Amino acid sequence: MQSTHNSILTTGAVFKAQDKFRALRYEMIGVDLSRDGYIRLQNLDDGTETVVEPEWFRQRIISIEEKTRRDLV
């Protein structure tokens with residue numbers, strides 16, 4: 001896995017987000033331009049979809065996985 005300090009997450013990218021309490025896996029769905037640039041994510045651990053602001057990424061350690069979700073199926 002690689003850190004995203006200088007990386008860009010693209011649609012379909014699978015990554016792990018670690019906060020102070022736990023690490024969860026997500027797939028990048030895309031940016032919702034109609035909602036002020038919020039970012040849509042699919043939580044791969046519990047199947048829920050969430051919408052986050054860019055600040056959400058700055059509050060977590062992000063690690064990009066080598067394979068996309070499509071490769072894991």
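Student: How many bridges join β2 to β3, and which way do the two strands run?
Tutor: Five bridges join them, and the strands run antiparallel. This is a predicted model, with β3 covering residues 23-32.

Student: Which residue in β3 is the bridge partner of K16?
Tutor: That is R25. The side chain of R25 also makes a polar contact with the side chain of E65, at 2.9 Å.

Student: Where is E65 found?
Tutor: In the loop between β6 (61-64) and α2 (69-72).

Student: Is E65 buried or exposed?
Tutor: E65 counts as buried because its relative accessible area is 16%, and the cut-off for buried is under 20%.

Student: How far is E65 from F15?
Tutor: Their C-alpha atoms are separated by 5.2 Å, although the two residues are 50 apart along the chain.

Student: Back to β3. How many bridges join it to β4?
Tutor: Six, and β3 and β4 (residues 38-43) run antiparallel. In that pairing, G30 stands opposite R40 of β4.

Student: New topic: which elements have the lowest and highest mean pLDDT?
Tutor: Strand β1 (residues 2-3) has the lowest, 44, and strand β2 (residues 14-18) the highest, 96. Where pLDDT is low, the predicted coordinates should not be read in detail.

Student: And what is the mean pLDDT of the protein?
Tutor: The mean is 84, and 79% of the residues reach 70 or more.

Conventions:
Residues are numbered from 1 along each chain as its sequence is written. This is a predicted model: local features need pLDDT of at least 70, side-chain atom pairs count only at pLDDT 80 or more; totals for chains, interfaces and linings use all residues. Side-chain values use heavy atoms; hydrogens and water are left out. pLDDT is the predictor's confidence in each residue, from 0 to 100. Helices (H or I, at least four residues) and strands (E, at least two) are DSSP runs, numbered from the N terminus. Buried means under 20% relative accessible area, exposed over 50%, partly exposed in between (1.4 Å probe, protein chains only). A polar contact is a pair of N or O atoms within 3.5 Å; within protein, one must be able to donate a hydrogen and the other to accept it, and residues adjacent in sequence count only if both atoms are side-chain atoms. Two strands pair if DSSP finds at least two bridges between them.
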